[in-house]
Amino acid sequence: MSWSTADIPSQSGRVAVITGANGGLGLATARALAGKGAHIVMAARNQSKARDAEETIRRAAPGASVEIVPLDLASQASVKQAAETVLAGHDRIDLLINNAGVMATPEGRTVDGFETQLGTNHLGHWTWTALLLPAVRQAPAGRVVTLTSIAQH
């Protein structure tokens, strides 16, 4: 038995917040959910890529409901500001999809002094999820989905 995006049930009336929705799996997820009627909140660091991704989604799903929220997971201040923005516009979140991340970056530090991968992939998403969790809990069947890469192996 195979499964495809055609098997996704209607997402009409649901809110999906997706980090890193401007490329890769995040964009594919946003496009698929938008095509099924979900309102997509694209949380992305690179606003130019996010606008291009939004256009891609709108071409694939005319009439799609999409918004972009600036989010840099390597900055706790950015995470807090982005969460405030999302919560100001949405009293509930049906799907919180934590997809963004960095991998195999040169040794470095976030603006908060954490090692780059730890600060971005783990601490950034932890704060993000903690701040948005009350809105996820307001949804009848709210879900948090956290992705990782096979590169971890």
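## Strands S2 and S3

Strand S2 (residues 39–44) and strand S3 run parallel and are joined by six bridges, where helices (H or I, at least four residues) and strands (E, at least two) are DSSP runs, numbered from the N terminus. Two strands are said to pair if DSSP finds at least two bridges between them. Within this pairing, histidine 39 stands opposite serine 65 in S3.

This is a predicted model, in which local features need pLDDT of at least 70 and side-chain atom pairs count only at pLDDT 80 or more, while totals for chains, interfaces and linings use all residues. Residues are numbered from 1 along each chain as its sequence is written, and side-chain values use heavy atoms, with hydrogens and water left out.

## The sheet as a whole

S2 and S3 belong to an open sheet of five strands, which has the order S3-S2-S1-S4-S5 and parallel pairing. The edge strands are S3 (65–70) and S5, each of which pairs on one side only. On average, and with direction ignored, neighbouring strands of this sheet are turned by 15° against each other; axes here are lines fitted to C-alpha atoms, for helices over the stretch in contact, and angles run from 0 to 180 degrees between N-to-C directions.

Strands S1 and S2 pair in the parallel sense over five bridges, and valine 15 stands opposite histidine 39 in S2. Strand S1 (residues 15–19) is also joined to S4 by three bridges, again with the two strands running parallel, and here alanine 16 stands opposite leucine 95 in S4. Strand S4 in turn pairs in the parallel sense with strand S5 (residues 143–146) over four bridges, with valine 144 in S5 as the bridge partner of leucine 96.

Helix H3 lies across S1, S2 and S3 and runs at about 150° to S3.

Histidine 90 lies in the loop between H3 and S4, and with a relative accessible area of 12% this residue is buried. Leaving aside its neighbours within four places in sequence, histidine 90 is in contact with Val15, His39, Val41 and Glu67.

## The packing of H3 and H4

Two packed helices are described by the angle between their axes and the distance between the axes. For helix H3 (residues 76–89) and helix H4 (residues 116–138), the axes come within 9 Å and cross at roughly 20°. The two helices are therefore roughly parallel to each other, given that angles under 35 degrees count as roughly parallel, over 145 as roughly antiparallel, 65 to 115 as roughly perpendicular and the rest as oblique. The contact is made by Gln76, Val79, Lys80, Ala82, Ala83, Val86 and Leu87 of H3 and by Leu123, Gly124, Thr127, Trp128, Leu131, Leu132 and Ala135 of H4. These residues divide into ten nonpolar, three polar and one charged, where Ala, Val, Leu, Ile, Met, Phe, Trp, Tyr, Cys and Pro count as nonpolar, Asp, Glu, Lys and Arg as charged, and the others, Gly among them, as polar.

Leucine 123, found in helix H4, counts as partly exposed at 27% relative accessibility. Apart from its neighbours within four places in sequence, leucine 123 is in contact with Gln76, Phe114 and Leu118.

## Two exposed residues

Alanine 104 has its place in the loop between S4 and H4 and counts as exposed at 69% relative accessibility. Although alanine 104 is not a glycine, it has a positive phi of about 55°.

Proline 9 is placed in the segment before S1 and is exposed, with a relative accessible area of 52%. Proline 9 and alanine 32 are 23 residues apart in sequence and 11 Å apart in space, C-alpha to C-alpha.

Note on methods:
Contact means heavy atoms within 4.5 Å. Buried means under 20% relative accessible area, exposed over 50%, partly exposed in between (1.4 Å probe, protein chains only).
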